[in-house]
Amino acid sequence: MNAILTLTNVTKSFQHKTAVNNVSFSIGQGEVVAILGPNGAGKTTTISMILGLLKPTAGEIRLFNLEPHEKQVREKIGTMLQEVSVMTGLKVREILQLIRSYYPKPLDLEELINLTGLTEQDLKTRAEKLSGGQKRRLSFALALAGNPELIIFDEPTVGMDITSRNRFWHTVRALTEQGKTIIFSTHYLQEADDAADRIFLFKDGSIVADGTPQQIKARISKQSVSFIVDPELSLEKLYLHSEIDDIYRKDNRVYVQSTNTDRVLELIFQEKIGARDIQIERGKLEEAFEQLTGNDKEAI
Ligand SMILES: Nc1ncnc2c1ncn2[C@@H]1O[C@H](COP(=O)(O)OP(=O)(O)OP(=O)(O)O)[C@@H](O)[C@H]1O
Ligand SMILES: [Mg+2]
């Protein structure tokens, strides 16, 4: 893997708080990484250090084999921050032109408009008069203006309506197809599940899980097999097997919880209970998130 970003034992302490605690990871070119974690977990602080906006208290960050604040690095990165602030007094088109002029190989203005869904009306409007969602769109356009190789978004879709959100992810997919590397934080777990090939789960300044969405979901200790069965049928036979942790009925289906779903399937056939429409419940990212970021130490 050709790593374009590496954090080695990175820590950031504020006066009374260690916001990021000894974090290490590498991201390869073309990866799409989602950063998840509860409020205050250290996502924005990590992103700010990668962008060179905050200096780590300890540890090292390398981007394209350089330090984050170097000019060659800045030219290759685009970003959309959690707090959107826009330049006042200029029209959107003027701001786009201005920011494009800072980069050696900016994206074509037309392409920028197409990718981000800015309208003719938006372009004529002064930035401070845009609505919250329109400001996000401008901020997205500014992130892409320099045709960056690495794009970092901190909670990009907050405040976007459904159409804008769909458009945003559509564009992100197009960018990944061009081989761009993308890092984004989000509280919408479905977005991480849909868009990311890798998830970092932050808790209290540390990474408690790093893997594909599938791998992280697989870390939920209890999976289940569900099926439809004659409601009169007693399921006592299944209870006798120690591999089964719990059995419950929900919405006309029976759920059998176990860490070993293969074994549950065997038992269902072995005990001839006449189960129909059998499904293996792989677990949801929400459940993994709750388990891995909750206070349940055993889950981690
Ligand atoms: N400038 C600062 N001074 C002091 N403490 C800070 C500062 N910036 C962040 N923190 C603290 O560091 C911790 C991590 O904050 P950070 O903004 O990185 O969290 P986050 O994961 O981005 O949360 P959210 O999901 O709410 O955006 C929090 O406890 C926060 O209060
Ligand atoms: Mg944040």
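User: What share of the accessible surface of the chain belongs to carbon and sulfur atoms?

Analyst: This is a predicted model, in which local features need pLDDT of at least 70 and side-chain atom pairs count only at pLDDT 80 or more, while totals for chains, interfaces and linings use all residues. Residues are numbered from 1 along each chain as its sequence is written, chains are lettered from A and ligands numbered from 1 in the order in which they are written, and side-chain values use heavy atoms, with hydrogens and water left out. Accessible areas come from the Shrake-Rupley method with a 1.4 Å probe, and for residues only the protein chains shown count as cover. The surface of the chain comes to about 15,500 Å², and the share of carbon and sulfur atoms is 47%.

User: How many helices and strands does the chain have?

Analyst: Helices (H or I, at least four residues) and strands (E, at least two) are DSSP runs, numbered from the N terminus. By this rule the chain has twelve helices and 13 strands.

User: What percentage of the residues in the chain is buried?

Analyst: A residue is buried when its relative accessible area is under 20%, exposed when over 50%, and partly exposed in between (1.4 Å probe, protein chains only). The chain has 300 residues, and the buried part makes up 46%.

User: Which element gives the most residues to the shell around ligand 1?

Analyst: Among the 14 residues around the ligand, those that come nearest are Gly40, Lys43, Thr44, Thr45 and His187; a residue is near if one of its heavy atoms lies within 4 Å. Strand S2 (17-28) and helix H1 (43-50) each supply at least two residues of this shell. The element that gives the most, with three residues, is H1.

User: How far is an oxygen atom of ligand 1 from an N or O atom in the side chain of threonine 45?

Analyst: Ligand 1 also has an oxygen atom 2.8 Å from a polar backbone atom of glycine 40. For glycine 42, a backbone N or O atom lies 2.9 Å from an oxygen atom of the ligand. For the side chain of threonine 45, the distance is 2.5 Å.

User: Is aspartate 122 buried or exposed?

Analyst: Aspartate 122 sits in helix H5 (residues 120-124). Leaving aside residues up to four places away in sequence, aspartate 122 touches Val92, Gly117, Leu130, Gln134 and Arg137, where a contact means heavy atoms within 4.5 Å. Because its relative accessible area is 3%, aspartate 122 is classed as buried.

Note on methods
Polar contact = N/O pair within 3.5 Å; in protein donor to acceptor, adjacent residues only side chain to side chain.
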